[in-house]
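Open the model in your viewer and keep the sequence panel beside it. This tour says what to select at each stop.

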Amino acid sequence: MPFALIDCNNFYVSCERAFQPKLEGKPVVVLSNNDGCVVSRSNEAKALGLQMGEPWFKMEKLAKQHGIIAFSSNYTLYGDLSARVMSILSTFAPRQEVYSIDECFLDLSGFDPASLTSYCQKMRQTIQRNVGLPVCVGIAETKTLAKLANHCAKKGFFGANGVCDFGLLDDTQRSALFSSISAGEIWGVGRRISEKLLTMKIKTIEDLRTANLERMRSQFSVVMARTVQELNGVSCLELEKVGKARQQIVVSRSFGSMITELDDLSESIAYFTTRAAEKLRGDGSVAASIAVFIYTNPFKEDAPQYNGSITVALSHPSDDTRELIKAALSGLREIYRSGFHYKKSGIQLMGLQGKGTIQPTLFDDTEKQSKSTTVMRTMDAINRKMGKGSVTLAASGIQQRWAMHRGRHSRNFTTDWGELMVVGEDK
């Protein structure tokens with residue numbers, strides 16, 4: 001069974017470039033929450049030596065020297081473009097597994113092996129034309145090899161022009177290729193495992209592929225044994241047809257500046273609960289309880305420290321934002337302590353289950369539940385059409401002094417009527 005792994009190149013940066021062509025050919029980075037660290041780099045930024053996770057404040061001098069352009073994370077834009085890409089890719093194969101925001105696997109069983117490269121080039125061209133994002137495609141008989149083939153497509157191995165099909169390589173070519181790539185490039189082989197492999201004189205992918213299977217299982221786990229089998233063309237990982245149901249939903253953020261007042265904390269908790277409730281309804285689930293937590297900054301060792309958390313059980317599993325906020329704020333009031341400078345807060349929805357699986361009781365207020373469903377459905381519909389936050393609860397606040405610093409935020413080009421591109425404007 002041939003698999004294809006499609007990965008958007010430098011995804012966050014590419015999303016920014018899709019609506020700002022003037023960024024092409026320039027070093028661009030996207031920063032994490034509160035404009036902290038680099039989370040995405042253009043090829044030009046990589047060539048300058050910028051590393052993933054590097055704090056922005058440490059590279060501002062280099063940025064001025066080389067004209068590096070930085071953006072705050074615009075997850076609304078990235079999420080929307082991801083959905084468009086995945087929707088397009090779903091039309092190219094009968095089965096799809098969305099692996100991450102910028103990656104998915106396709107099942108190419110039944111397709112003519114000789115035409116797979118041209119077929120995947122068509123995928124790339126369609127996404128480039130319809131969404132404006134560059135992608136690379138790796139093709140192989142297992143998911144692990146498809147991930148590796150995608151890596152080779154990005155690096156241009158064997159003259160790959162955005163598509164690398166391992167099915168076109170003979171055993172000698174594969175062996176030579178695998179001998180030139182570090183074992184650490186394999187999907188699931190991180191730094192710690194790589195270090196242990198080195199002590200066993202396993203440096204390259206070819207070393208790992210030809211390693212004794214039982215030894216790998218005993219020294220590591222059955223997961224490593226499966227990886228070795230996958231490298232040898234034995235498919236052990238099937239496509240996941242349906243995403244696994246979430247067991248919990250967590251929404252939290254570090255604040256743009258320290259806050260001390262209960263009112264500010266309450267706004268942040270209400271806002272996070274609103275976002276979590278939207279995800280909950282999107283999954284068709286309800287929550288049985290909600291946990292609330294607040295933290296001071298552990299890196300300010302000279303400041304008083306306090307970490308508070310509490311779990312509040314709901315009287316009845318719910319997906320109603322109003323009920324969830326009411327429970328969350330009651331919990332916050334219990335754990336709040338004055339005199340501290342808080343850096344982060346968050347909530348966690350727990351005890352998730354499908355809304356249709358709730359067993360009704362004799363004392364259920366069915367009329368109230370029906371009204372709740374109608375109100376939440378209406379709010380979600382308005383926010384989908386008019387943009388996130390168009391209709392929300394006052395408890396979430398308006399000024400939001402606790403909000404993240406996002407001074408380099410780009411426009412929501414595809415999800416906000418007020419931020420759509422205008423023909424003829426300067427890009």
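## Stop one: the largest pocket

By class, 13 nonpolar, 18 polar and 16 charged residues make up the lining of the largest pocket. Here Ala, Val, Leu, Ile, Met, Phe, Trp, Tyr, Cys and Pro count as nonpolar, Asp, Glu, Lys and Arg as charged, and the others, Gly among them, as polar. A pocket is an open set of points on a 1 Å grid over the protein atoms alone, where a 1.4 Å probe fits, with protein on both sides within 12 Å along at least five of seven lines; lining residues have an atom within 4 Å of a point.

This is a predicted model, in which local features need pLDDT of at least 70 and side-chain atom pairs count only at pLDDT 80 or more, while totals for chains, interfaces and linings use all residues. Residues are numbered from 1 along each chain as its sequence is written, and side-chain values use heavy atoms, without hydrogens and water.

The largest pocket holds about 1,900 Å³ of space, a volume being the space filled by probe spheres set on grid points joined across faces, edges and corners. Select Thr76, Arg275, Glu278, Lys279 and Lys388, the closest to its centre of the 47 lining residues.

## Stop two: the second largest pocket

Now select Asp7, Asn9, Asn10, Lys46 and Lys154, which lie nearest the centre of the second largest pocket. About 1,100 Å³ of space lies there, and 42 residues line this pocket. Their classes are 18 nonpolar, eleven polar and 13 charged.

## Last stop: the whole chain

Zoom out. The C-alpha atoms of the protein chain fill a box of roughly 65 × 60 × 50 Å along the principal axes.
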